[in-house]
Amino acid sequence: MSTGCGSDAQNDDSRILAQAAPTTATSSSATLYKRLNSVQRSKSKRTGAKQATNSSCATKFKKTRETTGNAREADVDSNCHRRIQEQQLEMTSRARHCAWRLGIVILGVCCITAGVYLLRNWIDMFTRMRGKEMALSPTSRSYADWKVSPLPLNFDVYLFNWTNPEDLYEGSPRKPHFQQLGPYRFRERPDKVDIEWHNQNASVSFRKKAFYYFDAAGSNGTLNDMVTSVNTVAHSGARRLSELASILRVMASASLSSMQEVYETRTAEEWLFKGFVNSLVTVGKILSPNDVPYDRVGYQYPRNGTTDFDGYINMFTGADDISKMGKIYTWNNLRHTGAFEGACGDVKGSMGEFFPPNLSTNQTVYMYMPKMCRAVPLDYTETVTVHGVTAYKFSGTRRAIDNGTMYPETSCFCVDGECKPSGVINIARCAHNASIHMSYPHFYLADPSYLEAIDGLQPDKEKHEFYMALEPNAGVPMDVGGGFQANYLMERIPGVALYARVPRVMMPLMWAEERVRVTEEIAASIGLVPLIVLIGQIVTGILLAGGLICTCWYPTRQLTHFCRSDDPKAKASVLRPLTTFSVTSNATGATPFRPHDNHNERVGVRLLDYRRSSGLTDSGCNSATESLIGSSSSTDVIIS
């Protein structure tokens with residue numbers, strides 16, 4: 001039976017020949033002939049049937065292949081369309097993620113840039129903004145408080161009562177003894193008058209006018225207390241006798257010795273604001289009015305209710321530069337006082353109302369003292385708290401009262417080439433040539449020789465330190481205390497009998513202080529300045545931190561994911577550029593690496609269960625279950 005595939009034709013021929021061979025001898029030639037014809041006709045029929053069967057099988061195979069091919073092509077088209085859509089969606093999703101990540105990185109860079117800018121400029125920005133509001137002008141908020149202080153001001157004066165003036169002579173067994181009296185407290189009502197604005201250099205000129213009212217309840221003593229002190233007028237007059245001719249000098253010396261004493265006893269009121277009449281002052285006023293500007297004698301005369309005591313002051317308003325607000329430009333139209341040489345006589349510093357903003361602990365602030373003709377340096381000593389507000393305490397140190405003994409730059413405070421021991425400053429040129437020297441109260445921080453020469457003084461830092469506590473951001477005084485002491489240098493004057501035997505000793509006269517402390521309400525308003533500065537610093541920190549997070553988040557996330565990944569192919573794909581760079585950088589002067597020197601060498605790859613549609617031949621349905629590719633005629637996979 002035929003299999004229908006045309007493979008049984010040769011078997012039929014063999015079978016017919018085998019059957020015909022035994023009958024050759026018994027049958028006739030005719031019969032044989034008929035059978036051969038019959039066999040041929042049967043063979044022809046079978047051959048035609050086989051050919052028809054082969055043609056039918058090929059047709060069926062072609063139809064099946066075409067049908068299968070069309071179905072496969074349809075599936076391929078559908079799969080390709082679906083893959084294209086998936087790729088498009090994936091590309092769109094990747095683009096969105098890329099844009100989102102890029103936006104975060106750009107946001108982070110912007111935050112870092114803004115944070116760095118604020119870190120470097122926030123203080124200056126806030127200072128400029130505040131300067132527009134705080135700059136002194138007739139319409140500014142600070143004008144009213146500058147013109148008339150809103151705080152109660154107490155002016156405390158201490159007088160030294162000389163208890164043993166009769167023992168002042170060379171060789172005396174007793175040292176001059178002094179008793180401190182006071183304080184005599186006065187309520188101060190200051191005001192600024194003769195105000196004139198100068199827009200060309202953003203300054204204002206004015207005079208200070210203050211009234212003082214005795215506060216009996218806050219005082220330790222009365223204005224009727226009798227106080228004995230040095231007769232500074234008599235000694236100053238005796239020092240001027242050397243300028244006279246010999247005959248006049250003898251006559252003046254005799255008259256001075258008979259009319260004056262080395263000491264003067266007056267009431268506390270006379271020593272302070274009221275003053276008293278002295279015959280020598282009256283005569284001097286007649287003979288030389290330019291050298292004797294006053295008609296009475298008193299430590300604070302004529303300060304009460306006048307405008308000439310502190311002089312004519314020109315000060316910057318801060319309209320063009322807030323850091324200059326409150327700085328003295330000229331005093332009595334002078335940039336240099338002439339009382340001291342060099343930088344020691346420069347007019348600079350503040351009058352006490354305003355100081356430079358944004359202070360640091362390594363800065364020195366200066367306070368100008370008109371009655372001392374100099375600016376007093378105040379150095380940072382500690383950080384304090386006033387009503388909950390942080391302030392820097394700037395205090396007068398040894399440098400402020402040195403004359404070159406300890407600090408070479410202060411040697412210009414030596415007058416006429418004479419440098420006394422540290423602790424006192426000679427202000428004779430600022431006090432009508434009287435031998436007045438300024439120091440801290442009770443010779444605080446002064447050379448021990450001053451205390452050793454007298455009795456009764458006890459320096460104490462808590463009581464006698466001169467300081468100002470300033471809010472560092474605004475430069476506003478929060479707490480002010482301390483003052484200076486006036487001393488007179490008593491010394492022998494040859495040719496004048498009254499002072500022929502006196503020793504050389506520094507005699508204390510009086511000292512005064514103003515203690516001012518802001519109220520809680522004012523401190524709360526001042527405290528807004530450091531609060532705003534702190535808020536700006538917090539915002540700066542948030543911007544920097546947020547910028548770093550936004551900038552470093554995605555790279556850090558990818559790096560963390562990469563380090564935790566178990567996929568070696570992913571790590572290899574990331575590290576391949578680094579390896580390539582390393583190989584490229586090391587290839588200079590080296591022989592290139594060639595994996596196969598013989599280009600004709602081929603490597604065969606055995607593929608199991610590989611079917612090729614092109615492997616079907618006319619020989620039938622032979623299946624190629626295993627094929628070796630890699631020969632020169634193969635078109636499949638070649639690795640060379």
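This dialogue covers aromatic pairs and ring contacts in a predicted model.

User: What should I know about the model before reading values from it?

Analyst: The model is predicted; local features need pLDDT of at least 70, side-chain atom pairs count only at pLDDT 80 or more, and totals for chains, interfaces and linings use all residues. Residues are numbered from 1 along each chain as its sequence is written, and side-chain values use heavy atoms, leaving out hydrogens and water.

User: How is a pair of aromatic rings described, and how many aromatic pairs are there?

Analyst: The description uses the distance of the centres and the angle of the planes. Rings of Phe, Tyr and Trp (its six-membered ring) pair if their centres lie within 6.5 Å; planes under 30 degrees apart are stacked, over 60 edge-to-face, and the rest tilted. The count here is 21 aromatic pairs. One of them, Phe340 with Phe413, is edge-to-face, at 5.0 Å centre to centre and 75 degrees between the planes.

User: Where do Phe340 and Phe413 lie?

Analyst: Phe340 is in the loop between β7 (328-331) and β8 (364-369), and Phe413 is in the loop between β10 (389-395) and β11 (425-426), so the pair ties together parts 73 residues apart in sequence. Strands (E, at least two residues) are DSSP runs, numbered from the N terminus.

User: Are these two residues buried or exposed?

Analyst: Buried means under 20% relative accessible area, exposed over 50%, and partly exposed in between (1.4 Å probe, protein chains only). Phe340 is buried at 3%, and Phe413 is buried at 7%.

User: Which residues do ring pairs link into a cluster?

Analyst: Phe155, Phe186, Tyr212, Phe214 and Phe273. Arg303 lies over the face of Phe155, 5.0 Å from the ring centre; a charge sits over a ring if NZ of Lys or CZ of Arg is within 6 Å of the ring centre and within 35 degrees of the ring normal.

Terms used
Helix = DSSP H or I, 4+ residues; strand = E, 2+ residues; numbered from the N terminus.
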